[in-house]
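This briefing goes through a single model by topic. Please keep the sequence and the structure in view while reading.

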Amino acid sequence: MAYNVTLIRGDGTGPELVEATRRVLEATGVAFNWDIVDAGVDVMETAGTPLPPNVLESIRRNKVALKGPITTPIGTGFRSVNVALRKELDLYACIRPCKLYPGVPSRFDKVDLVIVRENTEDLYAGVEFPVGSPEARQIINMAPGKIREDAAISIKPISRSGTRRIVKAAFDYAVANNRRKVTAVTKANIMKYTDGLFYEVAREVAREYEGQIAYDEYLIDALCMQLVLRPENFDVLVLPNLYGDIVSDLCAGLVGGLGVAPGANIGTDAALFEATHGSAPKYKGLNKVNPTALILSGVLMLRHLGEREAADRLEQAVAAVIAEGKDVTYDLKPNRNDPTAVGTSQMADAIIRKLQSL
Ligand code: NAD
């Protein structure tokens, strides 16, 4: 049986990373029918939109997509394709495993944690009122003496249903991946109603998994300190959107940077797998950047498809190539100017050779 998967090549370094990942995934022996569609800045010129309707149609049909990074030009009114995809498909759970593989330059010995970030609400809901607007004035009048007259205002919605589904996603991930603990992270001592509700609902969900998965809570500031001191103490973290965004990048730094940080955006009806990093446009066409983050996103996709054995084998092959430290890109060499660093496609070749020898 072959899996139907939508393949979005992206732009910048996206197409070369996607090609490397496609070859590696096929080398696992799992069969795919790739439905190749294009989105991003290059498509804008021909299609008049960076996200043509056939892209969404393809993902809705196949329910699984692998995506290269897509540039969001600043100050052009160009809507972010990445945000649009998450919104249109209601991909509410952003899952980012942060695992330190031996051989990756890092300050730490052991990091193996997973960020589960809520993707659809919180301060990212896009409900903002500019300074001096009638709406901002109305809100200022609702809280006399609390907000300055010259304030712009962003609204932070946290819903019971939105929280329930993200916390459940974190616990379900923990169960499916043999994890032991879920930690909910907020600033509920200050935001008593919004972050307070997040905790209230998280505790309800945690009770449903009692005896199976442990549960605890951290305030976001304390968590940040603990993460840089003792990252080995954490397992699965579940966070509202803004904290999740920031902590994901912090944790990518703990495990060696963007070149090795994979990700998945999961919804009820579709799942989209992509690296944490962007399109790194300055390296476009240079066969230089690290394919590991997208290949490990492919590992997550294999697990999502139920191909656990192939996923484990591929992860093992990636880890072995990194541990050997020979056929790796510049960012995985102790000295970034090391002339022995290989290119994107050569690192993929090394992973394929390793897969064949396992
Ligand atoms: P970026 O992640 O593209 O690159 C920042 C730097 O990180 C690069 O210059 C490079 O030094 C390093 N880097 C990134 N990926 C790497 C890799 N695979 N291997 C080795 N080094 C790597 O971030 P940016 O420059 O802020 O963003 C560029 C564009 O990408 C922007 O338009 C942004 O909006 C977009 N973006 C897209 C996504 C996505 O598609 N999901 C995510 C983030 C940013």
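**Strands 4 and 5**

Strand 4 is largely enclosed by the rest of the structure, because 6 of its 7 residues are buried. The model is a predicted one. Strand 5 is mostly covered as well, with 6 of its 7 residues buried.

**Strand pairing**

- Strand 4, residues 93-99, pairs with strand 5 in the antiparallel sense, and 7 bridges connect them.
- Within this pairing, I95 has V116 of strand 5 as its bridge partner.
- C98 stands opposite L113, which is also in strand 5.
- Strand 4 also pairs with strand 11 (residues 264-266), again in the antiparallel sense, over 3 bridges.
- On that side, C94 stands opposite N265 of strand 11.
- Strand 5 is joined to strand 10 (residues 236-239) by 4 bridges, and these two strands run parallel.
- R117 and L239 stand opposite each other, L239 being in strand 10.
- In general, the side chains of a regular strand alternate between the two faces of the sheet.

**Cysteines**

- How many disulfides does the structure hold? The count is 0.
- C94 takes part in no disulfide, and the nearest cysteine sulfur to its own, that of C98, is 10.0 Å away.
- C94 counts as buried, because its relative accessibility is 3% and the cut-off for buried is under 20%.

**Ligand site**

- The ligand is surrounded by 22 residues, and the closest are I70, T72, G278, A280 and N290.
- By class, this shell is made up of 8 nonpolar, 9 polar and 5 charged residues.
- A backbone N or O atom of I70 is 2.9 Å from an oxygen atom of the ligand.
- A polar backbone atom of S279 lies 3.0 Å from an oxygen atom of the ligand.
- For N290, a backbone N or O atom is 2.9 Å from a nitrogen atom of the ligand.
- On its own the ligand has 800 Å² of accessible area, and the protein covers 71% of that area.

**Residues with positive phi**

- D122 is not a glycine, yet its phi is positive, at about 70 degrees.
- D122 is placed in the loop between strand 5 (112-118) and strand 6 (128-129).
- Is D122 buried or exposed? With a relative accessibility of 1%, D122 counts as buried.
- N178 is likewise not a glycine and has a positive phi, of about 55 degrees.
- The loop that holds N178 lies between helix 6 (160-176) and strand 8 (181-186).
- N178 has a relative accessible area of 72% and is therefore exposed, the cut-off for exposed being over 50%.
- Taken together, D122 is a buried loop residue, whereas N178 is an exposed one.

**Loop glycines and separations**

- G12 is found in the loop between strand 1 (2-8) and helix 1 (14-27).
- G12 counts as buried, because its relative accessibility is 12%.
- From C-alpha to C-alpha, G12 and P134 are 41 Å apart in space, and in sequence they are 122 residues apart.
- Where is G103 placed? G103 is in the loop between strand 4 and strand 5, the two strands that pair in the antiparallel sense over 7 bridges.
- At 46% relative accessibility, G103 counts as partly exposed.
- G103 and T21 are 82 residues apart along the chain, and 21 Å separates their C-alpha atoms.

Conventions
Residues are numbered from 1 along each chain as its sequence is written. This is a predicted model: local features need pLDDT of at least 70, side-chain atom pairs count only at pLDDT 80 or more; totals for chains, interfaces and linings use all residues. Side-chain values use heavy atoms; hydrogens and water are left out. A residue is near a molecule or strand if one of its heavy atoms lies within 4 Å of it. A polar contact is a pair of N or O atoms within 3.5 Å; within protein, one must be able to donate a hydrogen and the other to accept it, and residues adjacent in sequence count only if both atoms are side-chain atoms. Accessible areas come from the Shrake-Rupley method with a 1.4 Å probe; for residues, only the protein chains shown count as cover. Ala, Val, Leu, Ile, Met, Phe, Trp, Tyr, Cys and Pro count as nonpolar, Asp, Glu, Lys and Arg as charged, and the others, Gly among them, as polar. Buried means under 20% relative accessible area, exposed over 50%, partly exposed in between (1.4 Å probe, protein chains only). A disulfide is a pair of cysteine sulfur atoms within 2.5 Å. Two strands pair if DSSP finds at least two bridges between them.
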